[in-house]
Amino acid sequence: MSFTRQDIHTNVRSLVGDFPLFTGDNEIGEAEVDLAIEQAVNRFSRDVPREIIEDEVGDDGKYYPLTNLTSWEHDFSEILAIDYDSGTRVSGDELPGWLSLDEGDWKFYEDASVKYFVFPLLSPDSGTTYRIRYTCRHTLNDADSSTITEQYKIAIIYLSVSELMLIASLHAEKASDPPAGAEFITMRNKGSGYESIAKKYEEKYLMEIGGKTVPAGTANRDFDTIPTFGSGYFFHGSRIT
């Protein structure tokens, strides 16, 4: 079950109400609410990215364009795992054959126009399936194709409010220029107030997705634990992360 952009829009408007002090170029209307929601979805996509599992087949070569992956986005998506020769994985009751980036089982290569993932020691043919798990950006629209699940609805509302308060703070600064006596001081105070609210709602968002910090890429692991989905250990001097 998922929710729509309009659902979030309605909830955000219910929380923040109208902004009667802002008029003309500084008005905060429906477009600004939509912008705040878009910014929230982009932030959430970095914190809790969507994960896709996709099967690809070989062509007797070593180089495969990342654009072969349906939802791949350059400079955003990351490959989390590659399970090689996975065509009969479940039916054959087989263990996964994870390939390791750190051990050189696969790597990236980029020419002037295309970025590839490469199998240096393998040349899969058309009968070889490799299963790729990778990240992509979430979508939130007014159709059933939205990809953010219901469990994160409150988090998206909180973050959208935070982003809208930052927009309101900027508009308050614009509305106070040039200075206009007491009105100038009032608007500046309101700008600081909006920033404070933005920070509070960002904290509520972080707590809603699991804590004050985002755990995704920096979680500590016991060294005797076998990483799953292609993750591994990073060595920083005497630290193991």
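Strands (E, at least two residues) and helices (H or I, at least four) are DSSP runs, numbered from the N terminus. The structure is a predicted model, in which local features need pLDDT of at least 70, side-chain atom pairs count only at pLDDT 80 or more, and totals for chains, interfaces and linings use all residues. Residues are numbered from 1 along each chain as its sequence is written, and side-chain values use heavy atoms, with hydrogens and water left out.

**Exercise 1.** Locate Thr 88 and determine which residues it is in contact with, leaving aside neighbours within four places in sequence.

*Solution.*
1. Thr 88 belongs to the loop between strand 3 and strand 4.
2. With contact taken as heavy atoms within 4.5 Å, the partners of Thr 88 are Asp 93 and Glu 94.
3. The side chains of Thr 88 and Glu 94 are joined by a polar contact of 2.9 Å. Such a contact is a pair of N or O atoms within 3.5 Å; within protein, one must be able to donate a hydrogen and the other to accept it, and residues adjacent in sequence count only if both atoms are side-chain atoms.
4. From C-alpha to C-alpha, Thr 88 lies 8.9 Å from Thr 129, at a sequence separation of 41 residues.

**Exercise 2.** Classify Asp 93 as buried or exposed, and state its phi.

*Solution.*
1. Buried means under 20% relative accessible area, exposed over 50%, and partly exposed in between (1.4 Å probe, protein chains only).
2. Asp 93 has 73% relative accessibility and therefore counts as exposed.
3. The phi of Asp 93 is near 55°, a positive value in a residue other than glycine.
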